[in-house]
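Me: I am new to this one. Can you take me through some of the labels and say what each rests on?

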Amino acid sequence: MSAEIQNTAGQGPRAVTVGQGGGRIWGMTSAERLSRIYRRLGLVETPAVDLSHAVVAVDAGWVFDESLIKALAGREGAVLVDETGRAVAAHAPADLAYATAEALAAGQDPSSLDARLTRLTALELGSAYNSALRKREPPVLERLTPETVRAVEKRLFQGSYKGVTDLVTKYVWPAPARVVTRWCALAKMTPNQVTFIGFLLTLAATWLFWHGEFGWGLVCAWIMTFLDTVDGKLARVTLTSSKWGNVFDHGIDLLHPPFWWWAWFVGVYAVGQSIPYPALSLAIVIGGYVAQRVEEGIFLALFKLEMHAWRPFDSFFRLITARRNPNLILMTGCALVGRPDVGFTLVAIWTAVCFLVHAVQILQGLAAPKGSIQSWLSK
């Protein structure tokens, strides 16, 4: 059931939270987290059952993936059960609303009240494939006790991570990012505040590259890429993402790399080095970045699927494709041996190679049987 329907003249089910969790996760109680989910989904939360409306009753003794509450709100008669078979949430019609909420609060199974109520597991109610994060992972449904707080936080953090991304974001940042994300959550920092710090570092890195200060520029650049991981995870685990934050974060991500590469190019000459075929190299690096993003857009427009989520090879290639972090690896390695000029040349070569690979991917998509293109992660 969409938020638009739920918000129209008070239509849709009411949300009621029963029970309580045994700890705080990411600085919130389970009930506070549920309230944020209700608001994001457009569900009206009430402290008591309103017998004139259907009710989505949820036990705060468990931690739920937002997608599960969304699916439950759109499926009247569903009773969600955990892996042990215990009922933990339900969407009951108005005439069963009170009895359902009371049964959940008492740890009983509401499905025994009426044949209209059907027990469903998390995978039966939700989906293991998350198209937004491009990965296959069961939705979060975990019991919350003082002993499980850290494990639940870890599970939520893992659930916030994209499955298809570059090798630094996928393999290097997760452990430190979880620690910093928790610090930010406990300090009540907003994702936009983290993004703004990253924006200032983006400007600093650009200025330092331009003046040939590659070492300090790379320090700023790598910290920025790290915070780019933290702000998204903070938004997801604390349920504080917003349209403006999404535009701010992704706008910076999309726009800044060409400025970094241009500044690096200028900085190479500032330190007395030169680049073979300078005009062509600069055109390939900057134009190639734009062209690859256009190629990804073309694939998405043609096949309604992210290019990198199509086949296992496509997901692997996203690890190393000529985007910001893989390019920074090349530039960092060359800067460490005093050859930032070689770093720029290697990025130009790799950008050209990746452009050709993406072009082949589009052609392969066009040659595939109609309707056959779907993510290997959804199978």
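Predicted model: local features only at pLDDT ≥ 70, side-chain atom pairs only at ≥ 80, totals over all residues.

Me: Why is Thr-195 called buried?
Reply: Thr-195 has a relative accessible area of 6%. Buried means under 20%. Therefore Thr-195 counts as buried.

Me: Where does Thr-195 lie, and what is it in contact with?
Reply: Thr-195 lies in helix α9, residues 191-210. Leaving aside neighbours within four places in sequence, Thr-195 is in contact with Asp-231, Phe-248, Asp-249 and Ile-252.

Me: What makes the link between the side chains of Thr-195 and Asp-231 a polar contact?
Reply: The distance is 2.7 Å. A polar contact needs N or O atoms within 3.5 Å, one able to donate a hydrogen and the other to accept it. So the pair qualifies.

Me: Why is Ile-298 called partly exposed?
Reply: Its relative accessibility is 39%. Buried is under 20%, exposed is over 50%, and partly exposed is in between. So Ile-298 is partly exposed.

Me: Is Trp-26 buried or exposed, and how do you know?
Reply: Trp-26 is at 2% relative accessibility. The limit for buried is under 20%, so Trp-26 is buried. Trp-26 lies in the loop between β2 (24-25) and β3 (28-29). Its phi is near 50°, a positive value in a residue other than glycine.

Me: Is Lys-188 buried or exposed, and why?
Reply: Lys-188 has a relative accessible area of 56%. Exposed means over 50%, so Lys-188 is exposed. Lys-188 also has a positive phi, about 60°, although not a glycine. Its place is the loop between α8 (174-186) and α9.

Me: How do you know that β7 and β9 pair?
Reply: Pairing takes at least two bridges. β7 (residues 78-81) and β9 (residues 118-120) have 3, in the parallel sense. So they pair. Val-79 stands opposite Arg-119 there.

Me: Which way do the side chains of β7 point?
Reply: Ala-78 and Leu-80 point one way, Val-79 and Val-81 the other, and all are buried. Side chains in a regular strand alternate between the two faces of the sheet.

Definitions and conventions: Residues numbered from 1 in each chain as written. Heavy atoms only, no water. Buried < 20%, exposed > 50% of the residue type's maximum accessible area, 1.4 Å probe, protein only. Helix = DSSP H or I, 4+ residues; strand = E, 2+ residues; numbered from the N terminus. Contact = heavy atoms within 4.5 Å.
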